[in-house]
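Please keep the sequence and the model in view while reading.

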Amino acid sequence: MTSKHFPDVSRDTAPQDIYRKIVSEIDDGVIGMDADGIIRLCNPSAERIFGWRYGELLGKPLDVLLPDHLRAFHAKLVSNFFAGADEARYMGARTAEIVGLRADGSDVHLGITILKTSTTSEHMMIAVIRDISERISYQRELLRLAQTDPLTGLLNRRAFHESFAARMVHGEPAMSSVALLDLDEFKALNDRYGHDAGDEAIIRFADILRQTIRSGDLAARWGGEEFILFLPNTSSQSAVAVVERVRAAFADAVFEWRRGGYGSLTVSAGIVTDRIGKGGLDAAVARADIALYDAKRGGRNRIVRIRDPQDTVAMSADH
């Protein structure tokens, strides 16, 4: 190694050289840069983390290790750190990620401790870097599992509430719709063909739902054979059009049951349209449930909508 790569040392060397040897062999990356943001030293682990060959990082600006959208922010952060009173600082937290850029253009998630140091000729900032990509991936997978219905891959009820609340942070839509959809005669299907057939129907309906709704709509499995849609900035008429596409596509699906025979299934839906604010979801769902019950009572395979907030009696069966 060159001297700027923390050279190898023997047992007879001074303590500072022993420290250099430790740094050269630890699994964490170590990078030092000057006040102009130029990399003046690095260890082999840093080169491995960022995917650079031996010696290539020396003399390059730190920007080569940062995604484009973070470079201006990072330059300001470094400038403030050099000018501040803190001698060391950990960058990153449970709710924030530090993202670096590998030589091949891919992202790497990092935990970084930065500290100031000085030589006889210049001030430097040292970054001790740990690749935490695997941990971040694991945490994201845990979050996905916590938010996702395992059978369909749709959001579960809790995640639907959280996603709805997150959207309300950015302002309430002028007029939105909530739809509850329930597979018709689902118990009879399970009784006749078994729970595998019921699972197949739920999975197929979830796929149709995903493929048919609009990109801005929010869908979830509400429980059992029941599903929910939040349709932001959507009138009653437009909501019916969206749900009708789902209803028609599911009615056209053909199933081949393992216990023999072919069949088709239908779905009923209840829709409510209102100015659904942050605290109004539960009330909207309750009213959509009333409309859904009316659709079931009216013969199934149909959509019933509540036309306006005051109208809880006059409902239209569109099919």
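Contact here means heavy atoms within 4.5 Å. Helices (H or I, at least four residues) and strands (E, at least two) are DSSP runs, numbered from the N terminus. This is a predicted model, in which local features need pLDDT of at least 70 and side-chain atom pairs count only at pLDDT 80 or more, while totals for chains, interfaces and linings use all residues. Residues are numbered from 1 along each chain as its sequence is written, and side-chain values use heavy atoms, with hydrogens and water left out.

Two packed helices are described by the angle between their axes and the distance between the axes. For helix α6 (residues 186-193) and helix α7 (residues 195-212), the axes come within 6 Å and cross at roughly 135 degrees. Such axes are lines fitted to C-alpha atoms, for helices over the stretch in contact, and angles run from 0 to 180 degrees between N-to-C directions. Angles under 35 degrees count as roughly parallel, over 145 as roughly antiparallel, 65 to 115 as roughly perpendicular and the rest as oblique; α6 and α7 are therefore oblique to each other. On the α6 side, Phe186, Leu189, Asn190 and Tyr193 take part, and they meet His195, Ala197, Gly198, Ala201 and Ile202 in α7.

Strand β9 (residues 226-231) pairs with β8 in the antiparallel sense over five bridges; two strands pair if DSSP finds at least two bridges between them. Leucine 218 stands opposite phenylalanine 230 in β9. The two strands form a hairpin with two residues between them, and glycine 224 in the turn has a positive phi of about 55 degrees.

Leucine 65 lies in the loop between α2 (44-50) and α3 (71-83), and it counts as buried because its relative accessibility is 3%. Beyond residues up to four places away in sequence, leucine 65 touches Ile31, Ile39, Phe50, Trp52, Leu57, Gly100 and Leu101.

Finally, the chain as a whole has nine helices and 14 strands, and buried residues make up 44% of its 319 residues. The average pLDDT, the predictor's confidence in each residue from 0 to 100, is 84 for the chain. Over residues 310-319, however, pLDDT stays under 50.

Key: Buried means under 20% relative accessible area, exposed over 50%, partly exposed in between (1.4 Å probe, protein chains only).
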